[in-house]
Amino acid sequence: MKLLIRAARIVDAQSPFNGQIRDVLIENGLIRQVGESIAVEESEAALKVIEQDGLCVSPGWVDLRVSAKDPGYEHKEDLSTVCKAAARGGFTDIAILPNTKPVLDSKDTLGYIRQATQGHPVNVHPIAAITKKTEGTDFTDMIDLHHAGAVAFSDGEKPLLNADLLLKTLQYLQPLNGLLMNRPEEQNLTHFGQMNEGLTSTLLGLKGMPSMAEEMMIERDLRLLEYACAQNLDRSAGSVLHFSTISTARSVELIRQAKQQGLPVSCDIAAHQLAFEDTALMGFDTNLKVNPPFRGSADREALKQGLADGTIDAIVSDHNPQDDESKNIEFDHADFGIIGLETVFAVARTHYGDLPLEQLVDKLTHSPRRILRLPALTIEENQPATLTVFDPDLEWTYERTASRSKNSPFFGKTLRGKALWIINKSFAEQL
């Protein structure tokens with residue numbers, strides 16, 4: 001494959017060409033040349049040229065939190081459709097949760113993921129379960145899973161409620177330079193909860209999920225992390241504890257303080273948290289039923305501030321496909337979750353346009369790569385050509401999806417910013 005990207009603005013804080021408008025020549029999976037007006041024989045049959053107004057190019061985007069549903073729930077999503085949706089959203093890499101059937105808790109299940117995704121332009125990185133069947137009781141064999149290709153360890157959609165298990169996991173993963181990811185929710189406080197606890201939940205007559213349920217878990221986990229560090233847990237290897245999809249102002253402040261103390265911690269938010277508050281649920285739209293739930297305006301502003309000052313490291317899709325039987329029913333019986341792979345960048349650009357483009361792209365590139373210990377990428381000659389080509393200001397309407405499920409509140413909405421191509425593993429795919 002020989003590919004030439006013409007006159008694209010390079011958005012890559014690690015690149016010597018950052019902010020410059022350059023041509024990028026790619027051949028056999030490598031960036032061969034970066035320069036102005038690169039001369040090539042454009043009549044060459046093997047040459048493909050990408051050229052249009054407003055082009056930007058960055059290292060390939062990475063999503064830290066995707067529910068692929070395969071194996072076991074292929075009627076909602078399968079590995080082929082999740083890769084197609086990821087590509088359409090501009091992602092060259094996705095990390096998938098272990099909550100499948102069977103759970104990703106053995107070398108065999110990780111091998112299935114690897115084999116089933118080999119022919120796709122998207123790299124699929126399995127997050128292995130911490131506990132067998134994600135039941136929160138017995139440990140998996142994390143050493144074997146690490147060597148089998150697990151990029152992190154988590155019980156995924158299920159919070160790790162047992163404090164002793166969390167502490168021992170932190171200690172157990174240290175020799176592996178491993179990462180523990182936890183979704184903070186004290187489920188004893190959220191049983192039967194449907195949305196954020198507040199005025200809107202009271203007006204709608206729905207059981208609320210208090211912010212405290214998230215914040216207590218973060219406080220607990222940070223205390224355990226501090227204790228583990230006092231017991232000689234290595235702080236120098238990057239984040240060892242990652243909080244997935246935080247949603248409250250207090251959560252942001254707790255993590256900000258922990259970082260100031262030098263604790264090896266990181267966190268992310270789901271892109272849709274930038275778009276909605278709990279008042280959006282007044283119409284009982286089940287496509288707005290997510291966990292963590294949409295909070296209040298002060299929380300949403302705190303999330304934006306956390307992105308701006310670096311407290312929040314990454315933006316994720318929290319892609320969670322649900323079929324019609326799970327969503328087109330009464331609100332209190334509907335499952336949580338929306339599909340988000342195709343709209344992450346656009347939702348962030350549309351609903352937080354004040355975030356500088358370079359910072360937004362960093363939340364989708366270098367930062368998640370660093371968290372997952374993936375090889376660093378940059379736009380420079382003789383580097384791997386794993387790239388996303390996009391237009392940050394293109395306005396478009398979300399009307400179709402490559403996902404098997406349709407549970408998105410963004411259908412029919414006009415959004416700003418769109419991925420146009422991904423280039424990866426000698427693939428060049430127009431979206």
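Helices α7 and α8 are roughly parallel to each other, because angles under 35 degrees count as such. This is a predicted model, where local features need pLDDT of at least 70 and side-chain atom pairs count only at pLDDT 80 or more, while totals for chains, interfaces and linings use all residues. Residues are numbered from 1 along each chain as its sequence is written, and side-chain values use heavy atoms, leaving out hydrogens and water.

So select 249-260 (α7) and 297-309 (α8): their axes (lines fitted to C-alpha atoms over the stretch in contact) come within 8 Å and cross at roughly 30°. Helices here are DSSP runs of H or I, at least four residues. Show Ala249, Val252 and Arg256 on α7, which contact (heavy atoms within 4.5 Å) α8 residues including Ala302, Leu303 and Asp309.

Next, pick Ile246. Leaving aside neighbours within four places in sequence, Ile246 contacts Val252 and Leu303, among others. Ile246 is also one of five residues, with Ile94, Ile96, Leu225 and Phe243, that touch the most other members of the 90-residue largest nonpolar core. Such a core joins buried (under 20% relative accessible area, 1.4 Å probe, protein chains only) Ala, Val, Leu, Ile, Met, Phe, Trp, Tyr and Cys through side-chain atoms within 4.5 Å. Then try Ile26, Val57, Ile379 and Leu387, which sit in a second, separate core of 19 residues.

Last stop: 344-351 (α10) and 357-364 (α11), whose axes come within 11 Å and cross at roughly 150°. That makes α10 roughly antiparallel (over 145 degrees) to α11. Val344, Phe345, Ala348 and Arg349 of α10 meet Leu357, Leu360 and Leu364 of α11.

Technical notes:
Axes fitted to C-alpha atoms, helices over the stretch in contact; angles between N-to-C directions. Helix = DSSP H or I, 4+ residues; strand = E, 2+ residues; numbered from the N terminus. Parallel < 35°, antiparallel > 145°, perpendicular 65-115°, else oblique. Buried < 20%, exposed > 50% of the residue type's maximum accessible area, 1.4 Å probe, protein only.
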